[in-house]
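These are my notes on one structure. I start with the ligand and go on to the strands, the loops and the backbone.

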Amino acid sequence: MNILCIASECVPYAKTGGLADVVGALPHYLRALGHQVLVVIPRYGWIDGSRYGLRWFHGPMGVWMGDTLEWCAVHVADSQGDPVHFIESQKYFDRPGLYHDEDFHDYADNPRRFGFLTRAGLQLCKDIGFAPDVVHVHDWHTALGPAYLKIWHWNDPVLGNAASLLTIHNIAYQGKYPAEHMNYLGLGWSNFTADKFEDYGAINFLKGGIVYADMVNTVSPTYARETRTPEQGHGLAPYLNNKGENYVGILNGCDYTRWNPETDQLIPARYSAHDLSGKAVCKRVLQERMGLEVAPDMPIIGIVSRFVEQKGLHLLAQCIEGIVREMRVQFAILGSGEKWLEHVFGSLPARYGGRIGSFIGYSEELAHLIEAGSDFFLMPSLFEPCGLNQMYSLRYGTLPIVRATGGLDDTVQQYDERTGEGTGFKFYEPSAHAIYYTVGWAVSTYYDRPQHIQRMIRAAMAQDFSWERSAAAYVQVYERAIQNKRAS
Ligand code: ADP
Ligand code: GLC
């Protein structure tokens with residue numbers, strides 16, 4: 001089938017989180033199953049065109065936004081293997097950040113920027129005659145796609161047969177904006193009602209997307225169940241429940257072409273479950289790099305994360321000093337986001353030199369080194385739609401310590417102290433106490449039951465969350481979307 005995928009991020013070009021990993025990987029595996037996939041993302045100004053061999057593809061392309069005709073150009077790059085198309089609009093995408101400025105403030109015109117991206121993706125199909133069977137949109141940014149199809153393109157020769165799938169990677173981000181953007185977005189005021197886009201006087205992109213999409217999914221079975229409840233649906237549970245069986249959970253895959261210690265070129269030494277000596281080299285390099293005491297026998301807890309409330313790092317901030325004072329353990333922390341969390345984690349190494357190392361910023365290479373060089377990987381998330389880092393950790397033999405929520409619960413098996421079975425350490429309560437005690441459990445296991453740790457490492461590295469399986473599940477959901485569209 002023909003699939004149009006429109007998204008705001010895609011590795012290796014533009015990434016703030018796991019969405020980029022998914023958009024970078026899924027199309028590849030869909031193509032391997034014989035499908036045609038057109039991937040469309042913004043050409044953010046800082047994407048290095050010469051590095052990726054970006055070249056002119058199409059344009060000038062006119063895109064109607066309400067009564068306004070916007071112009072843009074389309075570029076393509078395929079030097080990384082799979083082709084990706086880029087919408088170039090200086091007005092909207094030539095800025096330092098993807099969604100916010102250096103002070104972490106959202107760009108005020110985000111609804112216009114991403115509404116435009118979505119319509120541009122659809123327009124590209126029309127201009128080049130690519131007739132999608134399914135339009136696959138991701139998160140609030142492109143959630144208007146299903147509505148545009150049904151409002152504007154229902155009898156279009158190219159787009160008229162397209163069904164739609166909305167994937168929710170994170171229901172906390174819904175894209176709520178002042179109603180004044182309705183005209184520009186071209187949704188028509190008849191859609192500004194409580195059963196569609198209206199939400200307490202504002203426009204809610206994700207809500208309208210859920211209502212209009214032929215199928216909706218999220219990125220793990222447990223998160224699909226959780227988001228159907230008032231506690232975790234962030235106000236959208238009734239709309240998800242209305243979808244009935246047309247709202248499902250598909251666990252993300254893990255891209256083992258990028259995240260595999262046997263082939264990873266970003267780490268100082270490669271290793272496998274049969275020979276872990278390379279992991280010890282990675283650990284030493286990580287300790288040196290992060291200013292930690294070089295001690296092969298002291299466990300390191302790694303963290304790679306966006307610093308936002310979702311990730312529960314404010315809870316860790318409450319107990320991390322107690323942990324390093326009372327346990328013989330080190331932390332290697334990488335992340336960026338909210339300024340106060342950057343300050344907290346950025347200032348700890350000065351006080352706990354040798355025991356806590358941190359790097360505030362974004363570094364692909366350091367993320368790989370932390371995965372490889374650490375003994376444990378901590379994710380105390382308040383909620384986690386899927387989470388990719390714990391899957392990477394499992395493959396790198398770095399045992400996850402996670403809160404049992406969403407995809408974390410689906411992918412990590414609890415350690416059984418009697419048998420040594422399991423792949424990680426899980427806790428349930430979202431509190432500093434629970435983090436403290438579970439870290440204590442992992443650290444004491446490391447020192448007192450090393451044979452269990454070895455067994456868990458082997459079990460963890462043998463886990464297989466391959467994209468082949470997830471891509472096949474997506475194809476089934478595309479087929480259901482097509483059936484729903486035909487039946488409507
Ligand atoms: P989320 O999408 O909510 O941030 P995921 O676990 O799905 O959570 O994906 C996060 C992805 O972003 C992982 O690939 C992780 O390695 C990466 N990442 C997050 N913060 C950083 C950072 N500061 N530097 C490098 N990679 C990061
Ligand atoms: C989101 C979620 C994360 C998920 C990722 C990719 O950013 O927070 O849990 O893994 O999307 O689907």
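How far is an oxygen atom of ligand 1 from an N or O atom in the side chain of K311? I looked it up in what is a predicted model, and the separation is 2.7 Å. I count a polar contact as a pair of N or O atoms within 3.5 Å; within protein, one must be able to donate a hydrogen and the other to accept it, and residues adjacent in sequence count only if both atoms are side-chain atoms.

**Conventions.** I number residues from 1 along each chain as its sequence is written, and I letter chains from A and number ligands from 1 in the order in which they are written. Local features need pLDDT of at least 70, side-chain atom pairs count only at pLDDT 80 or more, totals for chains, interfaces and linings use all residues, and side-chain values use heavy atoms, with hydrogens and water left out.

**Ligand 1.** I next checked K15, where an N or O atom of the side chain is 2.8 Å from an oxygen atom of ligand 1. At S363 a polar backbone atom is 3.1 Å from a nitrogen atom of the ligand. The protein buries 93% of the 560 Å² that ligand 1 exposes when taken alone; these areas come from the Shrake-Rupley method with a 1.4 Å probe, and for residues only the protein chains shown count as cover.

I then listed the elements that give two or more residues to the shell around ligand 1: α1 (18-32), β13 (300-307), β14 (330-337) and α14 (389-395). Helices (H or I, at least four residues) and strands (E, at least two) are DSSP runs, numbered from the N terminus. Strand β13 gives the largest share of the shell, three residues. There are 20 residues around the ligand, and K15, G18, R306, K311 and G361 come nearest; a residue is near if one of its heavy atoms lies within 4 Å.

Why does ligand 1 lie between domain 1 and domain 2? Domain 1 (2-253 + 467-487) and domain 2 (277-461) both give residues to its shell, so the ligand lies between them. The domain bounds come from an automatic or database domain assignment.

**Strands.** I found β1 (residues 2-6) and β2 running parallel, joined by five bridges; two strands pair if DSSP finds at least two bridges between them. L4 stands opposite L38 in β2. Six of the seven residues of β2 (residues 36-42) are buried, that is, under 20% relative accessible area, with exposed being over 50% and partly exposed in between (1.4 Å probe, protein chains only).

**W259.** I placed W259 in the loop between β12 (247-249) and α10 (277-289). W259 counts as buried, because its relative accessibility is 3%. W259 and Y396 are 137 residues apart in sequence but 8.2 Å apart in space, C-alpha to C-alpha.

**Backbone.** Most residues other than glycine have a negative phi, and most peptide bonds are trans. I noted a cis peptide bond from V11 to P12, with omega near 0°; P12 is in the loop between β1 and α1. Another cis bond joins G59 and P60, and P60 is in strand β3 (residues 55-65).

D139 has a positive phi, near 60°, and is in the loop between β6 (134-138) and α5 (145-152). Is D139 buried or exposed? D139 is buried, at 7% relative accessible area. Y200, in the loop between β9 (198-199) and β10 (202-204), has a positive phi of about 50° and is exposed, at 84%.
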